[in-house]
Amino acid sequence: MTHVKKQESFAYLCTLFNYWDEFPTITNSKMAVKIRLARRGRKKKAIYDIVVADARAPRDGRFIEKLGLYNPGTNPASIVLESDKAVDWLLKGAQPTDTARSILQHEGVLLRKHLQVGVLKGAITQEVADARFEEWKGSKTDRKTTAADTLAQKKDADKKAKLDAERKVNEARAEAIAKKNTPPAEEVATEEVVDEAADATDAAAEAPAADAPAEESAE
């Protein structure tokens with residue numbers, strides 16, 4: 001390999017590395033870009049970063065830009081998302097995975113992208129697009145409030161059912177203890193009959209002993 005070819009190869013490698021460093025600001029149609037989740041956190045308490053990454057990169061590997069955070073461990077699941085950046089990447093052609101698409105749809109990003117495409121095509125104005133998105137956001141707030149109320153009512157109902165179940169168990173336990181400590185009715189009646197018979201026998205034995213002195217004094 002001549003000295004010139006070595007210089008050309010080195011320049012080509014430099015171009016590749018420079019291109020990689022500047023990738024977040026450059027759109028390359030030949031490189032597939034995904035919006036997906038990158039896992040982090042402890043075992044059974046995982047949280048996920050919502051990231052833009054090269055489709056060829058490992059799932060939890062290097063990414064281009066972080067868009068937000070998804071935590072499924074809360075109830076309901078919590079989502080923090082930079083919607084403007086997400087819309088911008090969608091307009092550049094980034095493809096979300098199924099889970100990421102569900103999150104973007106939940107946060108209204110797909111709707112904003114759809115409205116913005118309409119603005120770019122001249123079908124609607126920016127004011128109309130913003131008004132429609134604000135209308136959707138208001139309805140979403142109402143739905144979230146209703147869902148929160150339903151969740152609170154469900155928690156109260158579950159708590160009440162649990163207390164009722166505990167009360168029934170305690171009552172059954174107390175009844176079993178009382179039944180165990182109380183003798184059966186037949187045994188009580190038998191004991192009373194035995195006591196009465198013993199009293200009658202004692203009274204009969206005392207009566208002749210009382211009549212004997214009277215008979216001796218008459219003689």
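**Exercise 1. Overall composition**

What percentage of the 219 residues of the protein count as buried? State also how many helices and strands there are.

Solution. The model is predicted: local features need pLDDT of at least 70, side-chain atom pairs count only at pLDDT 80 or more, and totals for chains, interfaces and linings use all residues. Residues are numbered from 1 along each chain as its sequence is written, and side-chain values use heavy atoms, with hydrogens and water left out.

Step 1. Buried residues make up 20% of the 219; buried means under 20% relative accessible area, exposed over 50%, and partly exposed in between, with a 1.4 Å probe and protein chains only.

Step 2. There are six helices and five strands, taken as DSSP runs numbered from the N terminus (helices H or I, at least four residues; strands E, at least two). Their order along the sequence is α-β-β-β-β-α-β-α-α-α-α.

Step 3. Of the contacts (heavy atoms within 4.5 Å) between residues at least 6 apart in sequence, 35% join residues at least 24 apart.

**Exercise 2. The sheet**

Work out the strand order and the sense of each listed pairing.

Solution. Step 1. The five strands form an open sheet ordered β4-β3-β2-β1-β5, with mixed pairing. Two strands pair if DSSP finds at least two bridges between them.

Step 2. β4 (78-81) and β5 (95-96) are the edge strands; each has a single partner, so one side of each has no neighbour in the sheet.

Step 3. Strand β1 (residues 33-42) and β2 run antiparallel and are joined by ten bridges. These strands form a hairpin with two residues between them, and Lys44 in the turn has a positive phi of about 65°.

Step 4. β2 and β3 are also antiparallel, over five bridges. In contrast, β1 and β5 pair in the parallel sense over two bridges, and Ile35 has Pro96 as its bridge partner in β5.

**Exercise 3. The surroundings of Asp49**

Which side chains make polar contacts with the side chain of Asp49?

Solution. Step 1. Asp49 belongs to strand β2. Its relative accessibility is 10%, so Asp49 counts as buried.

Step 2. Asp49 is the bridge partner of Ala38 in β2, while Leu69 is the bridge partner of Asp49 in β3.

Step 3. The Asp49 side chain makes polar contacts with those of Arg40 (3.0 Å) and Lys66 (3.3 Å). A polar contact is a pair of N or O atoms within 3.5 Å; within protein, one must be able to donate a hydrogen and the other to accept it, and residues adjacent in sequence count only if both atoms are side-chain atoms.

Step 4. Leaving out residues up to four places away in sequence, Asp49 touches Arg36, Leu37, Ala38, Arg40, Lys66, Gly68 and Leu69.

**Exercise 4. Aromatic rings**

How many aromatic pairs does the structure hold? Classify each.

Solution. Step 1. There are two aromatic pairs. Rings of Phe, Tyr and Trp (its six-membered ring) pair if their centres lie within 6.5 Å; planes under 30 degrees apart count as stacked, over 60 as edge-to-face and the rest as tilted.

Step 2. Tyr48 and Tyr70 are tilted, at 6.3 Å centre to centre and 35° between the planes. Tyr48 lies in β2 (residues 45-54) and Tyr70 in β3 (residues 65-71), so this pair ties together parts 22 residues apart in sequence. Tyr48 and Tyr70 are both buried.

Step 3. Phe133 and Trp136 are stacked, with 5.7 Å between centres and 25° between the planes. Phe133 and Trp136 are three residues apart in helix α5 (residues 126-181), a separation of about one helical turn.
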